[in-house]
Amino acid sequence: MANGQAPFSDIGKRARDLLYKDYNFDHKFSLSIPNSTGLGLIATGLKKDQIFVGDISTLYKSGNTTVDVKVDTYSNVSTKVTVNDILHGTKAALSFNIPDHKSGKFIHLIEIGCDQKSQIDKVSAPNHLVLRMMLSVFSLWGGVVERLSVILCHTWKQPLKLWSWWAVAAKLDVQYLHPHAAIDSSIGLNPSPLLELSAAIGSKDLSLGAEVGFNTTSASFTKYNAGVAFNKPDFSAALILADKGQTLKTSYIHHVDRPDEFTVAAEITHRFSTFENRFTIGSSQLIDPNTVLKTRFSDDGKAAFQCQRAWRPNSLITLSAEYDSTKIFSSSTKFGLALSLKP
């Protein structure tokens, strides 16, 4: 579907990528280890001020199925299972987190005796258990991955104590791609799901689309946006009505036919409620075949630059910096470094 209709999220994407993609003002590290057997490993780390967070994920591909399991520094486990071509042009992805903190941080203590089962108490969920054996028991309940159970067995003579907390699947995504249409849908797999739907029609040159989100708990719309884009190999223009019709965004990107692949982009935002106008302009060009230099200027007094170098195939080092002219009595300059390694 490379030459077919792009999804709604791609409207204005070329300009957004030039203006905002890969700008990082912290310290970031990423290591990707692919494997010919279909099993890959990705480790990432981010240092922001004095806080360090990271995660390790394993990616397994087999046929049309991809399984991605990620564990972060807070012992949260997120899983995403993607199946391509369930039907022609259709892709489905099921993702869920363990534990699901949005469902309420509590657990149940259940005691199982010799001839009966009785619930003893409901207590606050512990953040740590020194002696524990984890057994994940996933049962489908209306399409919901219902619970993860942790079994603590002290001695053979004592009753079996079962600690469990609810682990609800985050959402189910389904995407359908057609040469002249693209539809993305998402539903939260819980008793009060959040529904999202986006659609785009047109061709590779002209695209018209809209998206909507609905919260079944409050019976209210969380978002409704619309956009149109006109794309050519050397330029792209987009107009997006966002924030429930409160913001109008227009963007333009133009590629100049030069050896250094010079490209310029601009974005203008207008808010109808406050009559506020904002603009951002940026550029990108090659310093040498392996180095890209990007600049960005905005009306709020901020200027940023980014230098990204591919020092070996698939391995990048990115240096970013930003100067804020409005900060006189505090630090007005931010620096960031990102290292991405892929053997």
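Leaving aside neighbours within four places in sequence, which residues is I240 in contact with? The structure is a predicted model, in which local features need pLDDT of at least 70, side-chain atom pairs count only at pLDDT 80 or more, and totals for chains, interfaces and linings use all residues. Residues are numbered from 1 along each chain as its sequence is written, and side-chain values use heavy atoms, without hydrogens and water.

I240 is in contact (heavy atoms within 4.5 Å) with I11, R16, A226, G227, T247, L248 and K249. I240 also belongs to the largest nonpolar core, with F8, I11, A229, A238 and A242. A nonpolar core is a set of buried Ala, Val, Leu, Ile, Met, Phe, Trp, Tyr and Cys residues joined through side-chain atoms within 4.5 Å; buried means under 20% relative accessible area (1.4 Å probe, protein chains only). Strand β19 (residues 235-242) gives the largest share of this core, three residues. Strands are DSSP E runs of at least two residues, numbered from the N terminus. A second, separate core has five residues, including L18, L19, I253 and A265.

Strands β2 (residues 39-48) and β3 (residues 51-62) run antiparallel, joined by ten bridges. Pairing requires at least two DSSP bridges between two strands. L46 has V53 in β3 as its bridge partner. The β2-β3 hairpin has two residues between its strands, and D49 in the turn has a positive phi of about 60°. Eight bridges join β3 to the antiparallel β4 (residues 65-72). L59 stands opposite D68 in β4. Two residues also separate β3 and β4 in their hairpin, where G63 in the turn has a positive phi of about 65°.

Key:
Buried < 20%, exposed > 50% of the residue type's maximum accessible area, 1.4 Å probe, protein only. Helix = DSSP H or I, 4+ residues; strand = E, 2+ residues; numbered from the N terminus.
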